[in-house]
Amino acid sequence: MIYNIFKGIFSLYIDGFKNMKVGKLLWKIIAFKFVVFILIMKIFFFPNFLKTNFNTDEQRSSHVLENLTKG
Amino acid sequence: MEDSLLVDWSRAQFALTALYHWLFVPLTLGLSFIIAIMETIYVKTGNIIWKEITKFWMTLFAINFAIGLATGIIMEFEFGTNWSNYSWIVGDIFGAPLAIEGLMAFFMESTFFAIMFFGWDKVSKQMHLTSTWLVAIGSNLSALWILVANGWMQNPVGMKFNVDSARFEMVSFWDVVFNPTGYSKFLHTIGSGYVMGALFVVGISAYYLLKNKDTIKAKKSIVVGATFGLITSMFLILSGDESAHQVAQHQPMKLAAMEGLYDGHKRASIVAIGQLNEDKKIGDDTDEFIWSIEVPYALSILGFHDMNAYVPGINELVYGDNDGHKIISAKEKIAKGKIAIEALKSYKEAKKFKDDVKASAHLTIFRAHEKYFGYGYLKDEKDIVPNVSLVFYSFHLMVGLGSWFLVLFFLILYFSMIGKIEKKRILLYSALWSIPLGYLAGELGWIVAEVGRQPWAIQDMLPVGMATSQIATSAVQTTFWLFAIIFTSLLIAEIKIMFTQVKKGMEDH
């Protein structure tokens, strides 16, 4: 029973991917975006400022409070 | 102190990303429901032509979805890098809605997405139809949680500022979820998505009718699109009315900018169409408009649902009005805000030296002036005024386009019902060229919402200048241009793929 359900889900995806027409090109675009946005942009251009520069939440809140209260 | 160049570039980058992201979202919101309606007709009638129609629009939906996928995640990157003060301060509020969005809506959407595209001959008709509806509902639920977060920025409710952690902490989840600004924004935003979806279906169907190609399917599609568009256009007007009502309650400066209203009035009019006097300065006596056509009482009714209501103008909101309306001047708010900031600073120092008595006294002062906290960062009273021309023209053009879409849907539906739509070539060309106008109207709506609330990142609490990270301006400039190039390339790719599919016709999808 469970085997058949998993087999059904598996074949849904496999047959679906095999029979795609414009879908193949779309998956290439999604893969390109994943590489550019997630792997390149996030790692090299968009580090999390507070996580990168401070180790604890206490330090982060101190930094933000400092920004909010400096004259 | 804030670096205005850094703030401007950070804002420009966020605007670029948000505007680009919004090119894809509305079509997903609207087209998903239109597809579900078309498939419902197929399941109800058993007519195979409706299956082919559904599959054609589903292909265009997939193209839009795939190209738009992950464009929103860039904004999350920007929060962490460019807007770290803001991210930290709102983290507790935004965490819950965004987590719910990720867990519930996104997974629902993506799980049933596979069945919708791959399951035509694998699952029963009913199961497939259910999946299609769930994709539509899931897409719209995603929008709900994002707009709850955005609504909170426009009207922060259900929270308390924790002076030790420097965060707004959620006091009431339900106040945040049922924030009237949030849900009116949600309804108006999804409404605009539905109209966009309808314009897309009507416009592409009109193209086929003009080319005399796939006419039977195009005629059926155009009826569904125009009916959906007509109903949702009326819904858009109602939700827009509620949205403006909320703006009047919580963001009076935005309303004044939307209407170019410098001097407040009772029984205020709406400017239906007009040209702003660009030489007009805040506080002077020159006319606001070079010419205008007004609708009497309409602004009082729109803003307060009362034709005799007083609507404050930019001058009253900047300089105050003690003449019965008790509007505090921006100068006074700035002074109160500075007291709050100073009290917070003193509180922090007292805590550092473990002087609880002093800390408690400073905290009391802070709480008494907390309402005006954000104003303390403004340098000048006129800083509370957004770009009036941009907001005014964006608002009026958006409303004008929305009105045109209503007329368009009505005419298309009427001529379709009497069987003369193919002969109305000017109308069909108008429908085709209304597709880009739909996108324009949606983007203008966001310009009104976001430029209109400047200088605030969080209304009255945090100006954009205090929300940014201390990073190099050149880093933001570099990524701005990188995004501009990548986004433009993706947009060209989408248009090209979409055109290719449309040119192929409605067969074989």
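**Exercise 1.** How many residues does the contact take from chain B, and how many from chain A? Then find which elements build the side of chain B that touches chain A.

*Solution.* Note that this is a predicted model.
- Step 1. Count both sides: chain B gives 35 residues to the contact and chain A gives 28.
- Step 2. List the elements of chain B with two or more residues on this side: helices H3 (48-68), H4 (73-82), H5 (84-118), H13 (330-352) and H18 (473-504).
- Step 3. Pick the largest share: H5(B), with seven residues.
- Step 4. Sort the side of chain B by class: 22 nonpolar, 10 polar and three charged residues.

**Exercise 2.** Describe how domain 1 of chain B meets domain 3 of chain B.

*Solution.* 
- Step 1. In chain B, domain 1 covers 4-251 + 386-501, domain 2 covers 257-319, and domain 3 covers 330-381.
- Step 2. Take the C-alpha centres of domains 1 and 3 of chain B: they lie 39 Å apart.
- Step 3. Count contacts: 10 residues of domain 1 of chain B touch nine residues of domain 3 of chain B.
- Step 4. Name the elements of chain B that give two or more residues on the domain 1 side: strand S8 (462-463) and helix H17 (464-467).
- Step 5. Sort that side by class: eight nonpolar, one polar and one charged.

**Exercise 3.** Which residues have the most contacts inside the largest nonpolar core?

*Solution.* 
- Step 1. Find the core: it has 150 residues.
- Step 2. Read off the residues with the most contacts inside it: Ile34(B), Trp57(B), Ala198(B), Val202(B) and Leu462(B).
- Step 3. Find the top contributor: helix H8 (residues 180-211) of chain B, with 14 residues.
- Step 4. Follow Leu462(B). Beyond four places in sequence, Leu462(B) touches Tyr86(B), Ile89(B), Gly374(B), Trp456(B), Ala457(B) and Ala467(B).

Terms used
Residues are numbered from 1 along each chain as its sequence is written. Chains are lettered from A and ligands numbered from 1 in the order in which they are written. This is a predicted model: local features need pLDDT of at least 70, side-chain atom pairs count only at pLDDT 80 or more; totals for chains, interfaces and linings use all residues. A nonpolar core is a set of buried Ala, Val, Leu, Ile, Met, Phe, Trp, Tyr and Cys residues joined through C-beta atoms within 7 Å. A residue is buried if 20 or more other C-beta atoms lie within 10 Å of its own, exposed if 12 or fewer, and partly exposed in between; C-beta atoms are placed from the backbone. Helices (H or I, at least four residues) and strands (E, at least two) are DSSP runs, numbered from the N terminus. Two residues are in contact if their C-beta atoms, placed from the backbone, lie within 7 Å. Domain bounds come from an automatic or database domain assignment. Ala, Val, Leu, Ile, Met, Phe, Trp, Tyr, Cys and Pro count as nonpolar, Asp, Glu, Lys and Arg as charged, and the others, Gly among them, as polar.
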